[in-house]
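Let's take a walk through this structure together, from the whole chain down to single side chains. Keep the 3D view open as you read.

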Amino acid sequence: MAMTGNVNIIPGNFIGIAKMITMLLGGQTGRINAAMNVPVMIIGVWIIGKKLLVYSAITVALTSLLTDLWTPLHFEVFGESLILTVAAGAVLMGMGVGLIL
């Protein structure tokens with residue numbers, strides 16, 4: 001299954017799509033995520049400018065690397081509690097977006 005942990009949830013955006021592709025076809029989630037983000041970054045540079053490219057490249061590189069490094073660890077911090085898992089994920093995503101901005 002393309003779910004995260006025992007709570008049957010899957011992340012959204014390109015990481016979720018990359019996780020599903022990994023489960024169906026194999027490969028590494030982080031590398032697939034990076035490959036899917038390249039066209040979006042090119043379009044972003046064309047529309048917004050080069051400053052976006054630097055921040056986006058750093059974000060995609062770190063997200064892809066950390067996804068591949070942390071996936072085998074299977075963190076079971078909240079066990080099977082769906083609410084706590086989703087809340088913790090939302091807080092961590094919010095902190096990450098805050099650092100990027």
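This is a predicted model: local features need pLDDT of at least 70, side-chain atom pairs count only at pLDDT 80 or more; totals for chains, interfaces and linings use all residues.

Residues are numbered from 1 along each chain as its sequence is written, and side-chain values use heavy atoms, with hydrogens and water left out.

**The whole chain**

Of its 101 residues, 18% are buried. Here buried means under 20% relative accessible area, exposed means over 50%, and partly exposed lies in between (1.4 Å probe, protein chains only). The chain exposes about 7400 Å², with 75% of that supplied by carbon and sulfur atoms; such areas come from the Shrake-Rupley method with a 1.4 Å probe, and for residues only the protein chains shown count as cover. Among contacts with a separation of 6 or more, 38% join residues 24 or more positions apart, a contact being heavy atoms within 4.5 Å.

**Helix α1**

Helix α1 covers residues 13-25. Its 13 residues reach 18 Å from the first C-alpha to the last, close to the 18 Å expected at 1.5 Å a residue; the expected span is 1.5 Å times one less than the number of residues. Gly16, Ala18, Lys19 and Thr22 are buried in α1. Seen down the axis, these buried residues fall within an arc of 160 degrees, so they line one face of α1. The arc is taken from the directions from the helix axis to the C-beta atoms. That buried side packs against α2, while the face turned away from it carries the exposed residues Asn13, Leu24 and Leu25.

Is Lys19 buried or exposed? At 16% relative accessibility, Lys19 counts as buried.

**Helix α3**

Helix α3 takes in residues 50-70. In α3, the buried residues are Ser56, Val60, Ser64 and Thr67. They cover an arc of only 65 degrees around the axis, which puts them on the same side of α3. An α-helix has 3.6 residues a turn, so residues three or four places apart point the same way. The cover over the buried residues of α3 includes α2 (29-47), and the face turned away from the buried side carries the exposed residues Lys51 and Leu69.

| Pair | Apart along the chain | C-alpha separation |
|---|---|---|
| Lys19 and Ile32 | 13 residues | 8.4 Å |
| Ile42 and Leu52 | 10 residues | 9.7 Å |

Ile42 lies in helix α2 and counts as exposed, at 55% relative accessibility.

**A nonpolar patch**

Which residues form a nonpolar patch on the surface? They are Val54, Ile58, Leu62, Leu65, Leu66, Leu69 and Trp70, with about 670 Å² of accessible area together. Like charges are joined within 9 Å, and nonpolar side chains (Val, Leu, Ile, Met, Phe, Trp, Tyr) within 5 Å.

Notes. Patches are made of residues with over 30% relative accessible area and no salt bridge: like charges are joined within 9 Å, nonpolar side chains (Val, Leu, Ile, Met, Phe, Trp, Tyr) within 5 Å. A salt bridge is a side-chain nitrogen of Lys or Arg within 4 Å of a carboxyl oxygen of Asp or Glu. Helices (H or I, at least four residues) and strands (E, at least two) are DSSP runs, numbered from the N terminus.
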